[in-house]
Amino acid sequence: MKNMSGLDGLFLHLETSATPMHVAALYLIEPAADRDRDADFAGEIGRQLMPRLALAPFFRARLAPMPLQFANPVWIDGGVPDFSYHLRRIVLPAAATFADLEACVSGLHATPLDRRYPLWELAIIEGLASGEIGLYLKIHHAALDGVSGMALAGALFDATAELAKVPADWRQQVGEGEAPGLGQRLAAAFRHTATQYVKLARHLPAGLQLLTGMLRSAGQGSAPGMGQNLSFGPKTPLNVPISAARGFAALSLSLVGVKEIARRHGATVNDVVLALCSGALRRYLQAQGGLPRKSLIATMPVSLREAGNTETTIQATLTLVRLATHLADPLRRLHAVRAAAGAAKALTTRARSIIPTDFPSLGVPWIVGGLAALYGRSGLAKALPPLANLAISNVPGPRQPLYIAGGRIRACWPLSIVEHGLGLNITVFSYCDALDFGLTVASDAVPDVAALAQALHTAYAELEQLPATAAASEAAKMHGPGKSVVRQPAAEASTVPARAGHPDYLYPDPRRRARY
């Protein structure tokens, strides 16, 4: 039995039918060139994954709620997962395109997870004309953040193309799981709450002292970041009440190319990612006829983990960054984004010690759950000015290729959370030599996500062509400019709309439906 942190619990209580609180990844798996063409590659992927999922405590953990939800639930070991629920095979229409895969994943991502089971689902998607297999893994954000998610994914896959042996007795190795009684759960909740209050009291004086010093420095103009990013964003079509319908687009760019852009302009990879998003949003909103004169603001998670910490709990906070979308010149925009991101990082670094990831949760499920439902029904997201216009996240991933069932994982595109008033989330995974961009949208806010993905590709070409200093130009000649790696052709726009909650779409032919 394991207690849930206060921050993890918030993602449970904020969840509604229109705003599921899960994150996901779409892996594209390339079959080995020498494989048997008649072999069931999708089936072998499932056979390889089942024991790994069952033997990992994370994938067996399920929620044990408190009476009347007066406090956060606890995690217990649920034993062997019910793979008839958790693992499914989906067959796309004949000769399916990448756009069909994106649309399928959009529908899957719109559906909340069932809390009676461990909070994850995995879909093996076959039928692509290329012969590749899609693997969609969905996990509730209450269970992990992006950094721990990448570490967990690494444990599921192989480091080489050699086919791993499946242990015959893996079900016997798991055991029966836990069944703690009501008294045990109540005792755990009160013990955890007492510990949280003691920890809060211990750190409160130091936190107040640091906060006072930061405010005093801000008043004297010596605290970087205190005022640069802290203001409301402009109203845009992205910032509206949303329904459950989702859209998704995937794009991959050269990591070498992005690093070269960063080197030429004294920036970081994260600065360039933010500038790419800024340029894409500027172009997209101009096409929609609604580019605000005021800069858009992005909310961006910042990891609070110590080096080597891969606990599957959320250890992050949010910061705000101005994207300088009001600036037409891409070089000025990049420099402005670099300055804003630096100020936000300085502020977060200074405040790191007073940012809580755990806090007392007695009564929190009632209060937060009620406020989340009220906020969605009230339509306040349309009336209030947005604190942020979109979410952007950049998560480092493995630099070496991963494999499953002998097939190489060619890309790993993330999917994330959108909310009322925050209808766009751009999350980036670095994998091998690429930056894999996943654009998750509420269809009410971004009806044409493919156009936004194309604008992102154009923004990369724009930054790639920016001139460097004389010394930087010589270095570029020696090493060669980075080129974009676009796994989805630009001309292949998504023509299949996201249709959330339509099982006939996910399974176009009931006779081809398959579950393990």
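The model is predicted, with local features requiring pLDDT of at least 70 and side-chain atom pairs pLDDT 80 or more, while totals for chains, interfaces and linings use all residues. Residues are numbered from 1 along each chain as its sequence is written, and side-chain values use heavy atoms, leaving out hydrogens and water.

**The helix pair**

Two packed helices are described by the angle between their axes and the distance between the axes. For α10 and α14 (residues 449–464), the angle is about 125° and the axes lie 8 Å apart. Helices here are DSSP runs of H or I with at least four residues, and strands are runs of E with at least two, numbered from the N terminus. Axes are lines fitted to C-alpha atoms over the stretch in contact, and angles run from 0 to 180 degrees between N-to-C directions. The pair is therefore oblique, the class left after roughly parallel (under 35 degrees), roughly antiparallel (over 145) and roughly perpendicular (65 to 115). Among the residues that meet are V272, L276 and Y284 of α10 and L452, L456 and L463 of α14; contact means heavy atoms within 4.5 Å.

**The nonpolar core**

A nonpolar core is a set of buried Ala, Val, Leu, Ile, Met, Phe, Trp, Tyr and Cys residues joined through side-chain atoms within 4.5 Å. Buried means under 20% relative accessible area, exposed over 50% and partly exposed in between, with a 1.4 Å probe and protein chains only. The largest core has 53 residues, and L276, L390, L424, F437 and L439 are those with the most contacts inside it. Helix α10 (residues 269–287) contributes the most, ten residues. A second, separate core has 52 residues, including Y85 and F157.

**The strands around β14**

All eight residues of β14 (residues 424–431) are buried. Its pairings are listed below; two strands pair if DSSP finds at least two bridges between them.

| Partner of β14 | Sense | Bridges |
|---|---|---|
| β11 (residues 390–395) | parallel | five |
| β15 (residues 434–442) | antiparallel | eight |

In the hairpin of β14 and β15, two residues stand between the strands, and C432 takes a positive phi near 55°.
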